[in-house]
Amino acid sequence: MSNKVYIETYGCQMNVADTELVMGILKKNGYELTKLADEANVVLLNTCSVRENAEQRIYGRLGNFKNMKESKPDLVVGILGCMAERLRRDLVEDKKIVDVVVGPDEYRHLPELIDVAFGGGKGIGVRLSRTETYDDIIPYREDGLQAWISVMRGCDKFCTFCVVPFTRGRERSRTLSSVVEEIKQLSMRGFREVTLLGQNVNSYLDNENDFADLLAASAKVDSRIRIRFTTSHPQDLSEKLLYTIAEHSNICNYIHLPVQSGSDRILKMMNRTYNIKHYLGLIEKAKRIIPGVSFSTDIISGFPTETYEDHVMTLDVMRQVRYDGAYMFKYSPREGTKAYKMEDDVSEEIKTKRLQEIIELQQQISFEKNQELVDKEEIILVEGKSRKSDQFLSGRTDTNKVVIVPGTDNIKEGDFIKVKINRATSATLFGDFVEFVFPEDNEIALTA
Ligand code: SAH
Ligand code: SF4
Ligand code: F3S
């Protein structure tokens with residue numbers, strides 16, 4: 001009987017992509033995948049360390065598996081991902097139920113390490129690598145429309161609050177040809193959207209090919225595949241990249257450009273290596289080069305020494321840029337980072353209050369920006385039925401906004417359609433079908 005493995009994934013999209021790699025590796029080694037923890041004899045948690053509450057949640061989940069293990073003593077429980085790297089052997093010692101601890105650069109050895117656990121030992125692989133990119137490994141993906149592809153691993157930026165450089169190691173890029181090949185495979189399987197991933201995609205480099213070259217090559221594979229990418233660090237967003245986005249209609253006009261704070265003093269303490277003038281300059285340049293471009297961001301409230309004035313500067317930047325969306329967090333001290341040595345002197349109460357103001361402002365901006373789209377036309381990729389009703393379809397614009405349209409017999413999942421927006425909330429747009437973007441795909445449906 002073959003072994004059955006169950007995996008749960010936490011954290012960023014890079015972890016989602018890594019889980020697919022891990023599933024590819026395990027399947028090749030004879031494992032069956034299951035979506036039910038109860039039927040598995042190997043349970044893996046692919047974990048995140050970015051904030052304290054992410055780790056707490058995973059510790060809570062480990063408690064559940066402890067109970068399972070009591071009734072099923074042969075069950076192998078493993079921790080993968082960033083927590084594995086950060087806590088290493090402590091996990092095996094503190095949490096006696098953990099049998100396998102494997103960090104992001106050692107997934108190739110996972111089958112052997114699980115075997116060690118089956119033999120009664122502890123399977124530990126937490127070395128970071130300067131070269132591992134898993135270029136040759138085919139991730140396991142279910143059929144669908146949307147895929148994530150990691151194009152680089154690690155981060156060399158060392159923002160003072162962040163654990164990622166410690167949990168993911170140094171930056172290294174996959175070859176352009178392997179990424180293009182993967183997109184070709186996805187195109188043959190009918191995928192319609194690919195997101196190129198890296199903690200800092202703008203420092204992608206494969207010999208003379210930079211990230212703009214990779215984007216252009218990816219866009220050329222199939223004009224019916226939309227290309228997204230994340231994350232861009234404001235320091236290295238090049239003009240060449242902006243022109244590349246502008247030139248290719250299937251590269252989304254959408255840039256995730258985390259600002260973190262609106263205060264130059266705080267940015268300096270965060271080691272973000274840009275100031276607000278530079279940041280706003282980039283936004284202006286992008287708006288000029290890419291008509292209709294939109295932005296999203298990440299913001300941290302309550303970094304050490306943050307004053308009310310610093311906080312107001314963050315609100316100001318949000319008003320100036322008018323982001324389409326934002327991921328907003330309270331500062332969470334992480335052991336081993338530079339900021340950890342600074343006093344976490346903004347009280348929980350003030351962090352919460354400032355975060356709340358940031359969230360409210362973003363909701364207001366999102367609402368206003370969505371109202372501006374009423375009566376305008378947008379192209380959406382139809383992703384399926386709307387969650388609330390079978391009569392409606394749901395899709396997303398290239399700026400990543402959800403649009404709901406009435407369904408008809410001839411509109412299918414995976415179609416690109418032009419819609420006219422008729423109403424909007426802060427989170428959702430509502431529209432009506434105008435026409436197919438690639439009508440030849442729907443000729444059969446139309447004449448039937
Ligand atoms: N590489 C990406 C971000 C990866 S982590 C980038 O540079 O933008 C995602 C986000 O989590 C960060 O942008 C930051 O806003 C937030 N974050 C990271 N460490 C944090 C911490 N210690 N406390 C609170 N938020 C944090
Ligand atoms: Fe963390 Fe900064 Fe690297 Fe992003 S760029 S992963 S925030 S160190
Ligand atoms: Fe979390 Fe690691 Fe991603 S810390 S955000 S899973 S890189």
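Reader: How many Å separate the centres of domain 2 and domain 3?

Author: 27 Å, taken over C-alpha atoms. This is a predicted model, where local features need pLDDT of at least 70, side-chain atom pairs count only at pLDDT 80 or more, and totals for chains, interfaces and linings use all residues. Residues are numbered from 1 along each chain as its sequence is written, and side-chain values use heavy atoms, without hydrogens and water.

Reader: Where do the domains run?

Author: Domain 1 is 4-125, domain 2 is 146-371 and domain 3 is 377-447; the bounds come from an automatic or database domain assignment.

Reader: Which residues in domain 2 lose the most area to domain 3?

Author: Arg224, Arg226 and Asn370, which together make up 43% of what that side buries.

Reader: Switching to charges: how many salt bridges across that interface?

Author: The rule finds two, a salt bridge being a side-chain nitrogen of Lys or Arg within 4 Å of a carboxyl oxygen of Asp or Glu.

Reader: What's the N to O distance for lysine 401 and aspartate 324?

Author: Their side chains meet in a salt bridge at 2.9 Å, N to O.

How values were computed:
Chains lettered and ligands numbered in written order. Buried area = accessible area lost by both parts, 1.4 Å probe.
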